[in-house]
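Open the model in your viewer and keep the sequence panel beside it. The stops below say what to select next and what is there.

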Amino acid sequence: HLQLVESGGGLVQPGGSLRLTCAASGFSLDGYATAWFRQAPGKEREGVSCISNSGNSINYADSVKGRFTVSLDNAKRTLYLQMNSLKPEDTGHYYCAAGAAWCTVISDSNGDEYDYWGQGTQVTVSS
C-alpha cells in the first residue's frame, strides 16, 4: 500500500519554527519529484516547495523563500520542510506529494501532476 504520512504541524507563535516530516511507505521517493503544498481556509491550494526527481533542482514559492528549507532523505524515504520565521499567513493545512512531475516554478502548480498525497498536517501561526 503506497502511502505518504505527514507530521510535525502544530500551533506556533509568529517568528517561531516548525519542521514538517513526510514519511513514505510502500515505495521509495527516489526517482520521484516531491513537493509541499498548503491550503488555507477559503483559499486555493498553493505550491510551497519542490525537489526534482534527480534532487538537483529545488524551487520555492516567493512567499517562503529564505524562510523555508526543503530536504529529502532517500535512505529514510522521508521529505522534510523546515519552516522558520513563521508568519500568520503561513497558516494552513500542509500536504506532501510525490509523482512523475517537473519541479519548475512550484507557485504555478496546482498539484494535479503529483500522483501520491498525504493526508496533511495543520500549521497554525498565531499569537
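**Salt bridges**

A search of the whole structure finds 5 salt bridges, a salt bridge being a side-chain nitrogen of Lys or Arg within 4 Å of a carboxyl oxygen of Asp or Glu. Side chains of opposite charge can pair when their charged atoms come close. This is a predicted model, in which local features need pLDDT of at least 70 and side-chain atom pairs count only at pLDDT 80 or more, while totals for chains, interfaces and linings use all residues. Residues are numbered from 1 along each chain as its sequence is written, and side-chain values use heavy atoms, with hydrogens and water left out.

**Stop 1: R38**

Select R38, in strand β4 (residues 33-39); strands here are DSSP runs (E, at least two residues), numbered from the N terminus. Is R38 buried or exposed? R38 is buried, at 5% relative accessible area; buried means under 20%, exposed over 50%, and partly exposed in between (1.4 Å probe, protein chains only).

Now show the side chains of E46 and D90. R38 and E46 form a salt bridge (2.6 Å, N to O), and E46 is partly exposed at 34%. The side chains of R38 and D90 are joined by a polar contact of 2.9 Å. A polar contact is a pair of N or O atoms within 3.5 Å; within protein, one must be able to donate a hydrogen and the other to accept it, and residues adjacent in sequence count only if both atoms are side-chain atoms.

**Stop 2: R45 and D112**

Select R45 and D112, whose side chains meet in a salt bridge (3.9 Å, N to O). R45 lies in the loop between β4 and β5 (46-51) and D112 in the loop between β9 (92-99) and β10 (116-117), so the pair ties together parts that are 67 residues apart in sequence. R45 is partly exposed at 29%, whereas D112 is exposed at 60%.

**Stop 3: K65 and D62**

Next, select K65 and D62, joined by a salt bridge of 3.1 Å, N to O. K65 is partly exposed at 49%, and D62 is exposed at 62%.

**Stop 4: the open sheet**

Finish by colouring the open sheet of 4 strands, ordered β1-β3-β8-β7 with antiparallel pairing; two strands pair if DSSP finds at least two bridges between them. At the edges are β1 (3-7) and β7 (68-73), each pairing on one side only. Inspect β3 (residues 18-25) and β8 (residues 78-83), which are joined by 6 bridges. L20 stands opposite L81 in β8.
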